[in-house]
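Student: I have a model open and would like to learn how to read its features one at a time. Where do we start?

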Amino acid sequence: MRKLTIRLIAIGLLGLFAFWKLTAPKTLPEAAIADLLGDAVNGEQVFWAAGCASCHAAPEAEGDAKLILAGGQRFPSPFGTFIAPNISPDATQGIGGWSVHDLANAMVYGTSPEGQHYYPAFPYASYSRMKLRGTGLQDIADLHAYLQTLPASDVASRPHELGFPFNIRRGLGLWKRAFVDDYWVASEPLDDPSLQRGRYLVEALGHCAECHTPRNIAGGMLYDKWLKGAPDPSGKGRVPAIHALDWSATDIAYYLESGFTPDYDSAGGHMVNVVENMSKLPAQDRAAIAAYLKALSADD
């Protein structure tokens, strides 16, 4: 009996060790960003493409107030309610003390400066693809430079409202292993720079699939239904498909700029914020997104 007890304890300890190793948060090597100097001008474009203000501005903020990234917006989900944190350059309550390395780890691995997992309500499952494009890490350095120019807020971040077992962050290491992929969803075509740019904006920086792709019971995206529409995470309504739009590329680009559809309807819900962000990008970026979406439609 004593030997059996010792064996069970040993097996338990080995299992715990394996769990701890498998769930360890990942980080980029310092050398990956050591020589990157941030350009705040390009960083502003990255900011709008990534939709930072849409989630991290205070609730009901309008106009220039959206640049005060005090957090506080609530995002209900089947797992609980996530509350956007303060990411203003305040050194205490925000991310003013973060290095480029800290921001890169957060965006491409979902790892905090303290070495904890972030919840995937922060769309690092998409941002992780930024490292697949040669300019991706430079974009993060540029975004870091731009964020430092924004107004600071001393509003404290509020904790997420999650029950057991979703409040155990360490288990997210297994979730990441299962559902965060280091490859482009659309592998073709690769020879057109505009399509490559569109793929980067849709699959990585713009994280369109986070809303437009359905998920499994664990919250992982169903890539065989890429951009084909999904239930709204709040439980009310449905996010439409954008994989096989019958709009022209010109129509799509105009919608991203103006919010008006070819049928004289207009954007609603969270898409209003997306259009506001996309309207601040260069016209060639909106055209690249449209070209990518039309290329997906052609593949069906």
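Tutor: Start with L227, which sits in the loop between α9 (209-212) and β4 (230-231). Helices (DSSP H or I, at least four residues) and strands (DSSP E, at least two) are numbered from the N terminus. Residues are numbered from 1 along each chain as its sequence is written, and side-chain values use heavy atoms, with hydrogens and water left out. This is a predicted model: local features need pLDDT of at least 70, side-chain atom pairs count only at pLDDT 80 or more, and totals for chains, interfaces and linings use all residues.

Student: What is the phi of L227?

Tutor: Most residues other than glycine have a negative phi, and most peptide bonds are trans. L227 is not a glycine, yet its phi is positive, near 60 degrees.

Student: Is L227 buried or exposed?

Tutor: Read the relative accessible area: under 20% is buried, over 50% is exposed, and in between is partly exposed, with a 1.4 Å probe and protein chains only. L227 has 0% relative accessibility, so it counts as buried.

Student: Which value does phi take in Y264?

Tutor: Y264, also not a glycine, has a positive phi of about 65 degrees. Y264 belongs to the loop between α10 (249-258) and α11 (271-278). Its relative accessibility is 78%, so Y264 counts as exposed.

Student: D265 is in the loop between α10 and α11 too. What does D265 touch?

Tutor: A contact is a pair of residues with heavy atoms within 4.5 Å. Setting aside residues up to four places away in sequence, D265 touches G259 and F260. D265 counts as partly exposed, at 49% relative accessibility. From D265 to Y255 there are 10 residues along the chain, and their C-alpha atoms are separated by 9.9 Å.

Student: Which peptide bond is cis?

Tutor: The bond from F164 to P165 is cis, with omega near 5 degrees. P165 is in the loop between β3 (161-162) and α7 (172-179).

Student: How do I compare distance along the chain with distance in space?

Tutor: Take a pair and read both values. L37 and A141 are 104 residues apart along the chain, while their C-alpha atoms are separated by 6.5 Å. L37 is in the loop between α1 (2-22) and α2 (40-50) and, at 72% relative accessibility, counts as exposed. Beyond its neighbours within four places in sequence, L37 is in contact with Q138 and D142.

Student: Where is A204 placed, and is A204 buried or exposed?

Tutor: A204 is in helix α8 (residues 193-205). Its relative accessibility is 0%, so A204 counts as buried. A204 and P123 are 81 residues apart in sequence and 9.2 Å apart in space, C-alpha to C-alpha.

Student: What about the whole chain?

Tutor: The protein has 12 helices and 5 strands. Its radius of gyration is 20 Å, close to the 19 Å that the globule rule gives for 300 residues, so the protein is as compact as a globular protein of that length. That radius is taken over C-alpha atoms, and the rule is 2.2 Å times the number of residues to the power 0.38. Buried residues make up 45% of the 300 residues. Among contacts with a separation of 6 or more, 62% are between residues 24 or more positions apart. The C-alpha atoms fill a box of roughly 75 × 45 × 40 Å along the principal axes.
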